[in-house]
Amino acid sequence: MAARPAYAAPPQPVVEPLPRHSPAVGGLVPFSTVDWPGQLAAVVFISGCPWRCHYCHNTELQTRAARYDWREVREFLETRRGLLDAVVFSGGEPLSEPRLPAMIRDVKRMGYRVGLHTAGIYPLRLADVLRHLDWVGMDIKADAQGYDDITGRRDSQRPALSCLTQLLSAGPDFECRITWHPDWLDETRLLALAQELARRGVRRFAVQAARSAPGAPVARALSTPAQAALRQAFEEFAYR
């Protein structure tokens, strides 16, 4: 058996600026049990997102910047082969990274399964990597009435629905999830949105309760009847 590479400590943010062509790796979680349900995964965060969702907890990742050297991240992932199941690319919006297809190929060659968190902003870029993905977490921001209010951008639902169509027609295993607060989307509208997603063929749906910060108490809880209705609408439903 080949010796495991000695480079085992997680890489640190760079001190000197990286070349402009470097992938915009903005963060790394070496071990996660929550970013891909049922998988032990490292999470690579990509900096850069054209949307400005008002509840975003990763505002530091909205602007493109390379804070970690992808070569060092790649070396670190080599040392975790056999210990982790997967690598998840998150953000920001990971599809904003032009070199994402090559990064996915890198981790695939290591034997990892590959997951993607996306808001569905770039349909053509999703189409380019879809066949290499094993799982996708697709963020649904709101219903048609509320999409642009959440994202801060006009016509933002259109690309998201295009990406959802790809996932439904030829995509990998995926879940749709929404960050929810009744001030943004009341329960009646949430249930109507969920029924529309179920009608389209979505089988897995999650409602993520809005919080003022990660780990903070839930701002407003989803009612028990609403949770029951959502469980009936989908094969799998999670309230987080």
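A residue counts as buried under 20% relative accessible area, as exposed over 50%, and as partly exposed in between. Keep that in mind for what follows, and note that we're working on a predicted model.

**Exercise 1. Work out whether S169 is buried or exposed, and say which helix holds S169.**

Step 1: Find the residue. S169 sits in helix α5, which spans residues 157-170.

Step 2: Take its relative accessibility, 59%, and hold it against the cut-off of over 50% for exposed. Because S169 comes out at 59%, it counts as exposed.

Step 3: A102 is 67 residues away from S169 along the chain, and 24 Å separate their C-alpha atoms.

**Exercise 2. List the buried residues of helix α2 and find what covers them.**

Step 1: Go through residues 100-109 and pick out the buried ones: L100, P101, M103, I104, D106 and V107.

Step 2: See what packs over them. The cover includes the strands β1 (25-32), β2 (41-46), β3 and β4, along with the helices α1 (70-79) and α3 (123-129).

Step 3: Check how the helix ends. After α2 comes G111, with a positive phi near 100 degrees.

**Exercise 3. Describe the largest pocket: what is its volume, and which residues lie nearest its centre?**

Step 1: Start with the volume, which is about 1,000 Å³.

Step 2: Count the lining. There are 36 residues, and H57, N58, D139, T179 and Q208 are the ones nearest the centre.

Step 3: Trace the lining back to the strands. At least two residues each come from β3 (86-91), β4 (113-118), β5 (135-139), β6 (173-180) and β7 (204-209). The largest share, 4 residues, belongs to β6.

Step 4: Sort by class. You get 16 nonpolar, 11 polar and 9 charged residues.

**Exercise 4. Do likewise for the second largest pocket, then say how β7 and β8 are joined.**

Step 1: This pocket holds about 180 Å³ of space. Its lining has 13 residues, with P37, W135, E175, R204 and E236 nearest the centre.

Step 2: Two or more lining residues each come from β6, β7 and β8 (236-239). Here β8 gives the largest share, 3 residues.

Step 3: Now for the strands. β7 and β8 run parallel and are joined by 4 bridges. R204 has E236 in β8 as its bridge partner. To get from β7 to β8, the chain passes through helix α7 (residues 224-233), making a right-handed β-α-β crossover.

**Exercise 5. How many cavities of 30 Å³ or more does the structure hold, and which residues line the largest cavity?**

Step 1: The count is 1, and the largest cavity has a volume of about 50 Å³.

Step 2: Its lining consists of K141, A142, I150, I178, T179, W180, H181, W184 and L185. β6 contributes the most, with 3 residues.

Step 3: By class, that lining splits into 6 nonpolar, 2 polar and 1 charged.

Step 4: Compare the lists for T179. This residue lines the largest cavity, and T179 is also among the residues nearest the centre of the largest pocket.

Note on methods
Residues numbered from 1 in each chain as written. Predicted model: local features only at pLDDT ≥ 70, side-chain atom pairs only at ≥ 80, totals over all residues. Heavy atoms only, no water. 1 Å grid on protein atoms, 1.4 Å probe; cavity = no way out; pocket = protein on both sides within 12 Å on 5 of 7 lines; lining within 4 Å. Points joined across faces, edges and corners; volume = space filled by probe spheres on them. Nonpolar A, V, L, I, M, F, W, Y, C, P; charged D, E, K, R; others polar. Buried < 20%, exposed > 50% of the residue type's maximum accessible area, 1.4 Å probe, protein only. Contact = heavy atoms within 4.5 Å. Pairing = 2+ DSSP bridges. Right-handed = clockwise from strand over helix to strand, strands pointing away.
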